[in-house]
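This briefing is for a reader who is new to the structure shown below. It begins with a single residue and then widens to the rest of the chain.

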Amino acid sequence: MPSMNSELLASWSFSQTQIHEKDSVAPVRERSADLGVKCIDPAGRSMLQLLCTLRRPKNIVEIGSGVGVASLAMLEVLGADCTLTAIESNLEHANAMRQGLREAGIASAQARIIHERAENVLARLADHAYDLVLIDAGGELLLEYVAEAKRLIGPSGVIVVNNAFDNHKLPKPAVRQASTVATRDALRMLREDPRLITHLLPSEQGLFVASLRPMPRRK
Ligand SMILES: C[S@@+](CC[C@H](N)C(=O)[O-])C[C@H]1O[C@@H](n2cnc3c(N)ncnc32)[C@H](O)[C@@H]1O
């Protein structure tokens, strides 16, 4: 296991600076900051775009879409080829996201925002109908969201958990706060599922990716 030393820390910090976002991203980040929403960090956003580029998901669910930094990142690389169902419990955040979608020229038929608590919505979404589920709504209910995400994804589905470091509390065993315990349990649930390949990507907030193993090819 690599131990954190100053060189490794310097390389990791350097990697976090090697991201150049389009000018259109800054106003959405500003709107997020104005409303006190902690949006996905630049490295996480860039990793999410890479994942979308490689997997080309057609149907996406985002749990906790905030003002839409992650949503717009996915829509930017996928174009009109995908539909997004964004679940957001805070009306101000949902309205600010609607504004961002309009400014980006995204049709409302392509990106649907459901203004409701995710725990009241997810059960209504169809089994195996989605290719990517992004979870970014805090740690407390993460186990529930992960269980639902496993039901929602189709045969080549991917589950992504942002802020997997739980604000850097995850690696500290002494921290027993509800969100940290739930995050540990949820990530373990994904890691121990033999159908999934998982990886914790070292963005600033931590991006945990769980992908269904491909079916073996028939000879
Ligand atoms: C970390 S922010 C999401 C940031 C967003 N993914 C982005 O990158 O721009 C978390 C969001 O989850 C929302 N949220 C919190 N609990 C929720 C719940 N139970 N159901 C739906 N949304 C929730 C908050 O209102 C907040 O906007």
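Phe-208 touches Val-161, Ala-164, Leu-187, Thr-198 and Leu-200, leaving out residues up to four places away in sequence. The model in which these contacts occur is predicted.

**Phe-208**

- Phe-208 sits in strand E7, which covers residues 207–212.
- Phe-208 counts as buried because it has 24 C-beta neighbours inside 10 Å, and the cut-off for a buried residue is 20 or more.
- Leu-134 is 74 residues away from Phe-208 in sequence, yet their C-alpha atoms are 9.8 Å apart in space.

**Overall fold**

- The protein chain is built from 8 helices and 7 strands.
- A compact globule of 219 residues would have a radius of gyration near 17 Å, and the protein chain, with 17 Å, agrees with this.
- Taken along the principal axes, the box filled by the C-alpha atoms of the protein chain is roughly 45 × 45 × 40 Å.
- Buried residues make up 39% of the 219 residues of the protein chain.
- Among contacts in the protein chain with a separation of 6 or more, 71% are between residues 24 or more positions apart.

**Nonpolar core**

- The largest nonpolar core contains 57 residues, and those with the most contacts inside it are Leu-48, Met-74, Val-133, Ile-135, Tyr-145, Ile-159 and Val-160.
- Helix H4 gives the largest share of this core, 7 residues.
- Val-133 is in contact with Val-61, Ala-149, Leu-152, Ile-153 and Ile-159, leaving aside neighbours within four places in sequence.

- Helix H3 takes in residues 42–55, which is 14 residues. From its first C-alpha to its last, H3 reaches 20 Å, close to the 20 Å expected at 1.5 Å a residue.
- Pro-42, Ala-43, Gly-44, Arg-45, Met-47, Leu-48, Leu-51 and Cys-52 are the buried residues of H3.
- These buried residues of H3 pack against helices H1 (6–17) and H4 and against strands E5 (153–162), E6 (196–201) and E7.
- H1 has 12 residues and reaches 17 Å from its first C-alpha to its last, close to the expected 16 Å.
- H1 is hardly covered, and the count of buried residues among its 12 residues is 0.

**Around the ligand**

- The ligand is surrounded by 23 residues, of which Cys-39, Gly-64, Gly-66, Val-69 and Ala-70 are the closest.
- This shell around the ligand divides into 9 nonpolar, 9 polar and 5 charged residues.
- At least two residues of the shell come from helix H4 (69–78), and at least two from helix H6 (118–121).
- Cys-39 is found in the loop between helix H2 (25–34) and H3.
- Cys-39 is buried because 26 other C-beta atoms lie within 10 Å.
- The contacts of Cys-39, apart from neighbours within four places in sequence, are Arg-29, Ser-32, Gly-66, Val-67, Val-69 and Ala-70.
- Cys-39 and Gly-66 are 27 residues apart in sequence, with 7.1 Å between their C-alpha atoms.

**Positive phi angles**

- Most residues other than glycine have a negative phi.
- Arg-56 is not a glycine but has a positive phi of about 45°. Arg-56 follows H3 and lies in the loop between H3 and strand E1 (59–63).
- Arg-56 is partly exposed because it has 13 other C-beta atoms within 10 Å.
- Asp-166, although not a glycine, has a positive phi of about 45°. The loop between E5 and helix H8 (178–191) holds Asp-166.
- Asp-166 is buried, with 24 other C-beta atoms within 10 Å.

**Glu-144**

- Glu-144 belongs to helix H7, residues 142–152.
- Glu-144 counts as partly exposed because it has 15 C-beta neighbours inside 10 Å.
- Ala-118 is 26 residues away from Glu-144 in sequence and 9.9 Å away in space, C-alpha to C-alpha.

Notes:
Residues numbered from 1 in each chain as written. Predicted model: local features only at pLDDT ≥ 70, side-chain atom pairs only at ≥ 80, totals over all residues. Near = placed C-beta within 6 Å. Helix = DSSP H or I, 4+ residues; strand = E, 2+ residues; numbered from the N terminus. Nonpolar A, V, L, I, M, F, W, Y, C, P; charged D, E, K, R; others polar. Rg over C-alpha atoms; globule rule 2.2 N^0.38 Å. Contact = placed C-beta atoms within 7 Å. Expected span 1.5 Å × (residues − 1). Core = buried A, V, L, I, M, F, W, Y, C linked by C-beta atoms within 7 Å.
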